[in-house]
Amino acid sequence: MIGKTAGNRVAALLFAGALAMAQIGAAEEAGETSLPDLTGVAGAAPVIAPVVQPRAAAETAMVPVVATPQHDPNRGSVTNLPLPRYVTLKNGEGNARRGPGLTHRIDWVFTRVGMPLRITAEYEHWRRVEDAEGAGGWVHYSLLSGVRSVLVAQDMAGIHAWPAPDGEVIAQAELGVIAKLLECLPDWCRIAVDGEKGWVPKAALWGVDPGEVIE
């Protein structure tokens, strides 16, 4: 037989347990994760209860995915200008390095002022360039100019008075001569060299793209 004192203690424990379960249920409905405070409840014993997780609505919330813009490979990553494109050497000497930085080894040195170069890549203040023979490397942008020139790629190329095969030949340009580029039609370009100005077939020049029109 259970004595009166023991019976009161059992009743208190049962009551405390029921109270704890009721508070846990209320906390779960409210979306909380803490356990009820049983301090002060006579004869209360520790109650172990699972941690209440957030509601399913919060768990399944959709996170928007932001698309990363794709860089156009036909545009420079620094200037957004077309690639490849032509420039000229501004000074009488330009070091072409193996990589975009002063710590990289010099692979080539350009020595002709105004020579045309083709930019094929960009990185910060550096441009990867090549000449008519494909030689080159990374050059600091301060050594380059946007003024256009061309290299005569045909020996004794005829300079015509007008852009046509039957146009009067007013001069001839030797192979490797650098000429200032004045304007271009789809198949002809007007150049200036040694005081002479006239039209040369675009196929006889390097430093301008086929079909490129320059006004």
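**Three close-ups of a predicted model**

**View 1. Ala132 and its partners.** Beyond neighbours within four places in sequence, Ala132 is in contact with Leu151 and Trp206 (contact means heavy atoms within 4.5 Å). Ala132 sits in the loop between strand 5 and strand 6 (136-140); strands are DSSP E runs of at least two residues, numbered from the N terminus. Ala132 and Leu151 lie 19 residues apart in sequence and 8.0 Å apart in space, C-alpha to C-alpha. With a relative accessible area of 38%, Ala132 is partly exposed (buried is under 20%, exposed over 50%, partly exposed in between; 1.4 Å probe, protein chains only).

This is a predicted model, where local features need pLDDT of at least 70, side-chain atom pairs count only at pLDDT 80 or more, and totals for chains, interfaces and linings use all residues. Residues are numbered from 1 along each chain as its sequence is written, and side-chain values use heavy atoms, leaving out hydrogens and water.

**View 2. Arg127 in strand 5.** Arg127 belongs to strand 5 (residues 126-130). Its side chain reaches the backbone oxygen of Glu124 at 2.8 Å. Leaving aside neighbours within four places in sequence, the contacts of Arg127 include Val78, Ile119, Trp138 and Leu144.

**View 3. The link of Cys184 and Cys189.** A disulfide (cysteine sulfur atoms within 2.5 Å) joins Cys184 to Cys189, with S to S at 2.0 Å. The link of Cys184 and Cys189 is right-handed, with 105° about the S-S bond. How accessible is Cys184? Cys184 counts as buried because its relative accessibility is 1%; Cys189 is buried too, at 0%.

Methods. Helix = DSSP H or I, 4+ residues; strand = E, 2+ residues; numbered from the N terminus. Polar contact = N/O pair within 3.5 Å; in protein donor to acceptor, adjacent residues only side chain to side chain.
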